[in-house]
Amino acid sequence: MAKKWTNDEIKLLKKLYPRASKTELEQTFNRSMAAITFKANNLNLKRQKYWTKKEEDLLKKYYPEISDEELSELLERSVASIRNKASRLNLKKTPTKILPNLGAKWKSKN
C-alpha cells in the first residue's frame with residue numbers, strides 16, 4: 001500500500017516541486033519520482049525548471065556528439081526538453097549521430 005502524504009509533505013511539495021531537482025525531491029520525500037509526480041499532478045503542480053547558463057553551455061558543447069538520452073541523464077531533463085532547447089538554440093547533431101551507420105556506408109563506397 002502506498003505511503004499516505006501528510007499535510008506537511010504536501011506543503012513542502014508545493015514549495016519545492018516547481019524548481020527542485022529530481023534527486024532532491026526523491027531524497028526529501030523518500031519516494032520515487034513517479035510517486036512524487038503522481039501527487040504533484042493531482043495537486044495541479046507544474047515544474048518550472050529554467051535553463052541555466054551552465055546547462056545551455058553543456059548542451060551546446062555535447063549536443064552534436066552524444067545522444068539525447070545521455071544528455072537527458074546528464075542534465076536531469078526529459079529528452080523532449082533537450083530536443084526543444086536544442087532546436088531553439090539551432091543546434092544540430094553531427095551526421096554520424098543522426099544516422100550512425102551512414103558514415104561507414106559512405107566511406108566504403110568511396
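Me: How many salt bridges does the rule count here?

Reply: The count comes to seven salt bridges. The rule asks for a side-chain nitrogen of Lys or Arg within 4 Å of a carboxyl oxygen of Asp or Glu. Side chains of opposite charge can pair when their charged atoms come close. This is a predicted model: local features need pLDDT of at least 70, side-chain atom pairs count only at pLDDT 80 or more, and totals for chains, interfaces and linings use all residues. Residues are numbered from 1 along each chain as its sequence is written, and side-chain values use heavy atoms, with hydrogens and water left out.

Me: Which elements make up the protein chain?

Reply: Look for DSSP runs, numbered from the N terminus: helices are H or I with at least four residues, strands are E with at least two. The protein chain has eight helices and zero strands.

Me: What share of the 110 residues is buried?

Reply: Go by relative accessible area: buried is under 20%, exposed is over 50%, and partly exposed lies in between (1.4 Å probe, protein chains only). In the protein chain, 31% of the 110 residues are buried.

Me: Which residue forms a salt bridge with Asp57?

Reply: Lys53 does, with the closest N and O atoms 3.0 Å apart. Asp57 is partly exposed at 34% relative accessible area. Lys53 is exposed at 59%.

Me: Where do the partners Glu55 and Arg77 lie?

Reply: First, the distance: their closest N and O atoms are 3.1 Å apart. Glu55 lies in helix α4 and Arg77 in the loop between α5 and α6, so the pair ties together parts 22 residues apart in sequence. Glu55 is buried, at 11% relative accessible area. Arg77 is buried too, at 6%.

Me: Which residue pairs with Arg83 in a salt bridge?

Reply: Glu69 does, with the closest N and O atoms 3.9 Å apart. Arg83 is in helix α6 and Glu69 in helix α5, so this pair links distant parts of the chain, 14 residues apart. Both are partly exposed: Arg83 at 44% relative accessible area, Glu69 at 43%. Asp68, Glu69, Arg83 and Lys93 are linked in a network of salt bridges.

Me: How do α4 and α5 run, roughly parallel or roughly antiparallel?

Reply: Under 35 degrees is roughly parallel, over 145 roughly antiparallel, 65 to 115 roughly perpendicular, the rest oblique. The axes of α4 (residues 53-62) and α5 (residues 68-75) come within 11 Å and cross at roughly 155°. The two are therefore roughly antiparallel.

Me: Which residues meet between α4 and α5?

Reply: Contact means heavy atoms within 4.5 Å. Glu55, Leu58, Leu59 and Tyr62 of α4 meet Leu71, Leu74 and Leu75 of α5. These divide into six nonpolar, no polar and one charged. Nonpolar covers Ala, Val, Leu, Ile, Met, Phe, Trp, Tyr, Cys and Pro; charged covers Asp, Glu, Lys and Arg; the others, Gly among them, are polar.

Me: At what angle do α5 and α6 pack?

Reply: The angle is about 100°, with the axes 8 Å apart. They are therefore roughly perpendicular. Asp68, Glu69, Leu71, Ser72 and Leu75 of α5 make the contact with Val79, Ile82 and Arg83 of α6.

Definitions and conventions: Axes are lines fitted to C-alpha atoms, for helices over the stretch in contact, and angles run from 0 to 180 degrees between N-to-C directions.
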